[in-house]
Amino acid sequence: MANEGMREVWATGSANWVRHQLLYDAVFAPFTTALLAAAGLAPGQRVLDVGCGTGTLLEAAVAAGAHPVGVDISASMAAAARRRVPGARVLVADAQDDDLLAAAQGAPFDRVVSRFGVMFFADPCAAFANLRAATAPGARLAFVCWRADEQDLFELGLRPLLARLDDPPGPSPSGVPGPLGLAEGAHVRRVLAASGWQDVTVEPVDGVCDYGVDGSDGVAERMAIVLGGRAGQAVRADLEPRLGPAGWDAAVEAGRQEVRERMVDGVVRFVAHAWLVTAGRESGRGSHNSTLA
Ligand SMILES: C[S@@+](CC[C@H](N)C(=O)[O-])C[C@H]1O[C@@H](n2cnc3c(N)ncnc32)[C@H](O)[C@@H]1O
């Protein structure tokens, strides 16, 4: 299957997201707000949330009076979304290849939305064509994805630990399935055009990620996110046996110090960079064959 590797990544990668779902929501609030403003959710709409994770947008759709369906390749993300939003239908499926309309049952979708859930496809053209095939004429697409050169979000607090690896990984690559898979605006436009979406807009949106929760300074919260993520776990598996408990604690303290140096007014806050992407499907009948020029 096309996204089998990503299925495995998210089978384990979901644990951190489920555990810290409210923290992720707090940190990503500016992007959620921008996305929801662009999506224009309204009562009665059928809404598809792609890579729905623990259900933030599903919850917003229910609050708007819409009828949301979530799709996620990770069973534990889908289970968390069902717990959080009992009024939503949540599918465990591959949004690239599976017949989402058949799986969801009911009318085609009026809105397709995603918060950072569409960058992981092995074949983005096929995926966005598949999403379009599940929509009604006149449907709208709105999503946010990370922009080229975003690094702090993935590395702040980890850099001193990464530097101690024998073979430190380079920055996240742009344009390959992963967090920066749609990081180039021109690539996003090509993919959406090739998959039949029209009226494409790709606008930068910069948001302040604030890790302070309930009066905390956000250092522990930031470290929990980065150490619990895939890169953090890999670093720990490598360094902790080599450094021993005291050495590992010292390495983590160096990570905390990197985070403290980025505090603003006593709280960890930094600007992250995303694209806000919108597109539409023509309102009449029409067919489209997907090919990337
Ligand atoms: C970065 S997380 C974002 C989760 C959620 N949208 C949020 O903002 O909290 C990416 C999500 O996309 C899902 N995902 C990745 N590839 C997918 C695919 N091919 N089909 C469906 N979901 C996928 C992952 O399982 C994960 O839940």
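The dialogue below takes up a pair of helices and then the ligand.

Tutor: This is a predicted model, in which local features need pLDDT of at least 70 and side-chain atom pairs count only at pLDDT 80 or more, while totals for chains, interfaces and linings use all residues. Residues are numbered from 1 along each chain as its sequence is written.

Student: Why are H7 and H10 called oblique to each other?

Tutor: Helices here are DSSP runs (H or I, at least four residues), numbered from the N terminus. Helix H7 (residues 124-133) and helix H10 (residues 185-194) pack at an angle of about 50°, with their axes 8 Å apart; axes are lines fitted to C-alpha atoms, for helices over the stretch in contact, and angles run from 0 to 180 degrees between N-to-C directions. Angles under 35 degrees count as roughly parallel, over 145 as roughly antiparallel, 65 to 115 as roughly perpendicular and the rest as oblique, and H7 and H10 are therefore oblique.

Student: What makes the contact between H7 and H10?

Tutor: Pro 124, Cys 125 and Phe 128 of H7 meet Val 191, Leu 192 and Ala 194 of H10, where contact means C-beta atoms, placed from the backbone, within 7 Å. By class, six are nonpolar, with no polar and no charged residues; nonpolar covers Ala, Val, Leu, Ile, Met, Phe, Trp, Tyr, Cys and Pro, charged covers Asp, Glu, Lys and Arg, and the others, Gly among them, are polar.

Student: How many residues surround the ligand, and which are the closest?

Tutor: The ligand is surrounded by 22 residues, the closest being Trp 10, Gly 51, Gly 53, Ala 95 and Arg 115; a residue is near if its C-beta atom, placed from the backbone, lies within 6 Å. This shell holds eleven nonpolar, eight polar and three charged residues. Helix H1 (4-19) and strand E2 (67-72) each supply at least two of the shell residues, a strand being a DSSP run of E with at least two residues.

Terms used: Contact = placed C-beta atoms within 7 Å.
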